Amino acid sequence: MRAVRIFEHGDTDVLKVDEYPIPEPGENDLLVKVIATGVSGWDIKYRRGDFLKHFNQSGLPGRKKFPLPQQPGREASGTVIKTGSRVKRFKTGDAVLGLVHPQNDYCTNTMRGLGNLSTEIDYPGHAAFGGNAQYICRPEHYWFPIPDGVSYEQAA
């Protein structure tokens, strides 16, 4: 599959388009063919390494350090190609959108109603590969069905 990855921080010249293996879903994952993706402000900050100026090398509080190489693309939508054996909510062919801030249901912040501040989770385009690829693989709870009448572009 073709994907955009970064191996160092910098300007747009650090974006490398190349061929990579299609990810294989684990038992709780969806493999999704990406139809639409975007470039968010966070994608740009991660690429440039701007967040390191504010948080040093430790990353964001409560979140995993930003690993390299990374595949940007916080926003993504597409079609389910394959599901893991324990996936219950989705099937092959479903239209889905990727959550940019999935929550950790066992985090104290989530239990307090602050799921957007979940810790110990791999945010897409941060600690998990983002949607700037032909295919992405993420846990089932990182996805939401696209409502009828909403295009892939609108969802992403």
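These are my notebook entries on a predicted model of a protein chain.

**Ground rules.** I number residues from 1 along each chain as its sequence is written. Because the model is predicted, local features need pLDDT of at least 70, side-chain atom pairs count only at pLDDT 80 or more, totals for chains, interfaces and linings use all residues, and side-chain values use heavy atoms, with hydrogens and water left out.

**Confidence.** I looked up pLDDT, the predictor's confidence in each residue, from 0 to 100. The chain has a mean of 89, and 91% of its residues reach 70 or more. Where is confidence lowest, and where highest? Helix H2 (residues 50-55) is lowest, at a mean of 67. Strand E4 (residues 76-83) is highest, at 98. Helices (H or I, at least four residues) and strands (E, at least two) are DSSP runs, numbered from the N terminus.

**Cores.** Next I checked the nonpolar cores. Such a core is a set of buried Ala, Val, Leu, Ile, Met, Phe, Trp, Tyr and Cys residues joined through side-chain atoms within 4.5 Å. Buried means under 20% relative accessible area, exposed over 50%, partly exposed in between (1.4 Å probe, protein chains only). The largest core has 19 residues, and Leu-30, Val-32, Phe-90, Ile-136 and Trp-143 touch the most other members. E3, E4 and strand E6 (135-139) each give two or more residues to this core. The largest share, 4 residues, comes from E3. Another core, of 5 residues, lies apart from it and includes Ile-6, Tyr-46, Phe-51 and Phe-66.

I then followed Phe-90. Leaving out residues up to four places away in sequence, Phe-90 touches Leu-30, Val-80, Thr-83, Val-96, Glu-140, Trp-143, Phe-144 and Pro-145. Contact here means heavy atoms within 4.5 Å.

**Pocket.** I looked up the largest pocket. On a 1 Å grid over the protein atoms alone, a pocket is an open set of points where a 1.4 Å probe fits, with protein on both sides within 12 Å along at least five of seven lines; lining residues have an atom within 4 Å of a point. The volume is about 180 Å³. Gln-103, Asn-104, Asp-105, Tyr-106, Ile-121, Pro-139, His-141 and Tyr-142 line this pocket. By class, the lining has 4 nonpolar, 3 polar and 1 charged residues.

His-141 is one of the lining residues. I found His-141 in the loop between E6 and strand E7 (143-145). Is His-141 buried or partly exposed? His-141 is partly exposed, because its relative accessible area is 42%. Beyond four places in sequence, His-141 touches Arg-89, Leu-99, Pro-102, Gln-103 and Ile-121. His-141 and Asn-104 are 37 residues apart along the chain, and 9.4 Å separates their C-alpha atoms.

**Loops.** Asn-28 sits in the loop between strand E2 (15-19) and E3. Asn-28 has 36% relative accessibility, so Asn-28 counts as partly exposed. Which residue lies 59 residues from Asn-28 in sequence and 5.3 Å away in space, C-alpha to C-alpha? I found Val-87 there. Contacts of Asn-28 beyond four places in sequence are Arg-86, Val-87, Arg-138, Pro-139 and Glu-140.

Gly-38 is in the loop between strand E3 (29-37) and helix H1 (41-48). Beyond four places in sequence, Gly-38 contacts Asp-43, Gly-73, Glu-75 and Asn-132.

Last, I checked Pro-69, in the loop between H2 and E4. A cis peptide bond joins Leu-68 and Pro-69, with omega about 0 degrees.

Terms used. Points joined across faces, edges and corners; volume = space filled by probe spheres on them. Nonpolar A, V, L, I, M, F, W, Y, C, P; charged D, E, K, R; others polar.
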